[in-house]
Amino acid sequence: YREMAGNIAVDARHLLAAFDDLDLAARVARGDGGGEATSVDAALLVSQVAARFAHGDAGRHGVDIAIAADLPPVRIDPVQGERMVQHLLRTLVSVAPVGEPVTGTCWFQPGEGAGRVVMAVDRPSSLDGMEETQLLDPGYTPDGDWPDGPLLGMGFSLRLIRSLTEGCGGALTIDGNRFLLSMPAQGVGDGHFGDTAY
């Protein structure tokens, strides 16, 4: 009975996450999913969200995002910012092999305007060899490969994250073995922030 209750609780969490994703996708499609952009502490945002996945379910996974010193703040809607970071980490944790940590880095990248803060998350080994078109295909669901994967499919989740980031003036790109989530940095004037990409 304990095992059955545990399975029901896990299924319920997956269903709630799927309903949340569908509701969020509908709001983004209507253009009413975002609020006003404000200054958000990027290092705090990434570290707090990553900490929620530090041990995963029953310690199956870990998340380790190395954050560069002196990150500038980003200018985004704080709720949407938290959603896109959380959705990306949750999606990759759900498809990573048991015991394999999800790792990445976060740094400031100078460029157009005030530059960007980039969170790069390494591709789990379970996604090796998959092309971007496969990863983003909402109909691609390799049954049995990812028992804890997103209920609506990884492609749906990644497309939702991309829509969220674009709505905040950022981007989600897939570069070789990394998923790169970038957010627009707050104007930093003459201040200098480290520009070394990890």
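The model is predicted, so local features need pLDDT of at least 70 and side-chain atom pairs count only at pLDDT 80 or more, while totals for chains, interfaces and linings use all residues. Residues are numbered from 1 along each chain as its sequence is written, and side-chain values use heavy atoms, with hydrogens and water left out.

Q: What makes up the chain in terms of helices and strands?
A: There are five helices and seven strands. Along the sequence they come as α-β-α-β-β-α-β-β-α-α-β-β.

Q: What does the R52 and E82 pair tie together?
A: R52 sits in helix α2 (residues 42–52) and E82 in helix α3 (residues 78–95), so the pair links parts that are 30 residues apart in sequence.

Q: Are R52 and E82 buried, partly exposed or exposed?
A: Buried means under 20% relative accessible area, exposed means over 50%, and partly exposed is in between (1.4 Å probe, protein chains only). R52 has 45% and E82 has 31%, so each one counts as partly exposed.

Q: How do you know which label D70 gets, buried or exposed?
A: D70 has 60% relative accessibility, so it counts as exposed. D70 lies in the loop between β2 (63–67) and β3 (74–76), and it has a positive phi of about 60° although it is not a glycine.

Q: What makes T105 buried?
A: T105 is at 16% relative accessibility, so it counts as buried. T105 belongs to strand β4 (residues 102–109); A68 is 37 residues away in sequence, with 7.7 Å between the C-alphas.

Q: How do you know what span to expect for helix α5?
A: The expected span is 1.5 Å times one less than the number of residues. Helix α5 (residues 154–167) has 14 residues and reaches 20 Å from first C-alpha to last, close to the 20 Å expected. Its buried residues include M154, L158 and I161. Just after α5, G169 takes a positive phi of about 85°.

Q: What makes a set of residues a nonpolar core?
A: They must be buried Ala, Val, Leu, Ile, Met, Phe, Trp, Tyr or Cys residues joined through side-chain atoms within 4.5 Å. The largest such core has 41 residues, and I65, L88, L89, M119 and L158 touch the most other members. Helix α3 gives the most to this core, with seven residues. A second, separate core of five residues includes A68, V118, A120 and L180.

Q: Which residues count as contacts of I65?
A: Contact means heavy atoms within 4.5 Å. Leaving aside neighbours within four places in sequence, I65 touches V46, A50, L89 and M119, among others.

Q: How many disulfides are there?
A: A disulfide is a pair of cysteine sulfur atoms within 2.5 Å, and by this rule the count is zero. As for cysteines, C106 at 0% and C168 at 13% relative accessibility count as buried.

How values were computed. Helix = DSSP H or I, 4+ residues; strand = E, 2+ residues; numbered from the N terminus.
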